[in-house]
Amino acid sequence: MAAGQISQDSFYYAGMFPSYRHYGYPTAKAVHDNNIFFTGLIGLTLQELSPLLPEEDKAVSQRIIQQAKAAYPHFQHSPQRYTFNFWKTNPQIVFPNSPFLNLFKKWHALPDDIDDTAILLLNMQVNDSIALAVKQLMEAHTNTTNYRIRNTFRKYRDIPAYSTWFGKKMPIDFDFCVLTNALYFIHTYALPLSRHDSATIELLGQLIDNRAYISHPAYISPHYARTPVLLYHIARLLGKFPIPSLIKYKDQLIADTRQALNDADNIMDQVILHTTLIWLGAPAQTLALGKKGINEITQNDFIFFMAGFNSLLPNPFKQLGANVSMIRYYYRCPAYNKALILQYLVLRNAAAEG
């Protein structure tokens, strides 16, 4: 993994890992996309695995993490505000390697988001005062605070849960996986819980109870959109923070994960679903990675994250476009796939050892 980390500033900043954007289909032509999202995930994954690694591997992972952190300021809102953007800021570029779309960056520019912010701050291990200041910003952008969400199921429209975006001009956006990451950040820092945290937990609980992660994954999580990835995120939260009103669904989530594993035909989906079972407390199982090498496995068309033009549209347009591939960008990162395989192997071994 370390060999794939960028060593000096170029299209990517030093410390980043290459990732790719595909338009329309996961197998469409790939273009390089220098977002910080995957680099942050790799750093956070290695940081959390570090206590379980042998000393030599721990040292390598710490070097990777420190080099990754050097790139984070390029994506920060400002030195005074610890929120982060998917793409670089000051000046901002949207859809890197797409000169045509960059002509319209005034309209396409994204505000900072809770997802990247939570991931990077956790990896940076910022102090409690910074974490609290960011939580206060999150609460200033919740549903019903300034605007009301227009593109979720009607019964959820008055729940004052967290929105994906910090920008006040952006429509309110609920995303199942983003909400789990927000709670993961808040619980890691043991920040004071507010009505917005309770509302976010309530919303997740209703979505789980209704099994919307199976019936409507792209609608309730427009930026992740696939059942295996949604199950992975909720299990990651509950594996570390067994929130009572959510952990009560553990048996349901285990059963649904096993069914998703039976249906999975992508080896990387199988990897994250096995990790999901471990986090949920199910017996660790050995996944046969086959005769293919790790490099070949991680270069496949596994999609962890996506961006759909429909995600910010009001209903019924969001729902109509939820599964239309030609209005989506698909993102993949081979280095993060390696981190996911490492995560499964380390957690499996730890579980086997009790």
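**View 1. R21 sits over the ring of Y329.** R21 lies over the face of Y329, 5.5 Å from the ring centre. A charge counts as over a ring when NZ of Lys or CZ of Arg is within 6 Å of the ring centre and within 35 degrees of the ring normal. R81 lies over the face of F166 as well, here at 5.7 Å from the ring centre. Before you look further, note that this is a predicted model, in which local features need pLDDT of at least 70 and side-chain atom pairs count only at pLDDT 80 or more, while totals for chains, interfaces and linings use all residues. Residues are numbered from 1 along each chain as its sequence is written, and side-chain values use heavy atoms, with hydrogens and water left out.

**View 2. Strands β1 and β6 run antiparallel.** Helices (H or I, at least four residues) and strands (E, at least two) are DSSP runs, numbered from the N terminus. Four bridges join β1 to β6; strands pair if DSSP finds at least two bridges between them. Y20 belongs to β1 (residues 20–23) and stands opposite R332 in β6. Beyond its neighbours within four places in sequence, Y20 is in contact (heavy atoms within 4.5 Å) with several residues, including A30, H32, Y330 and P334.

**View 3. Strand β6 is largely enclosed by the rest of the structure.** Five of the five residues of β6 (residues 328–332) are buried, where buried means under 20% relative accessible area, exposed over 50% and partly exposed in between (1.4 Å probe, protein chains only). From β6, R328, Y330 and R332 point one way, and Y329 and Y331 the other way.

View 4. Rings of Phe, Tyr and Trp (its six-membered ring) pair if their centres lie within 6.5 Å; planes under 30 degrees apart are stacked, over 60 edge-to-face, and the rest tilted. By this rule there are 22 aromatic pairs. Y224 lies in the loop between α10 (217–220) and α11 (227–240) and F304 in the loop between α15 (294–298) and β5 (305–308), so the pair ties together parts that are 80 residues apart in sequence. Y224 is buried at 0% relative accessible area, and F304 is buried at 2%. Both belong to one aromatic cluster, whose members include W87, W279 and Y336.

**View 5. A118 touches N181 and F185.** A118 is in helix α5 (residues 114–124) and is buried, with a relative accessible area of 3%. A118 and F185 are 67 residues apart in sequence and 5.7 Å apart in space, C-alpha to C-alpha.
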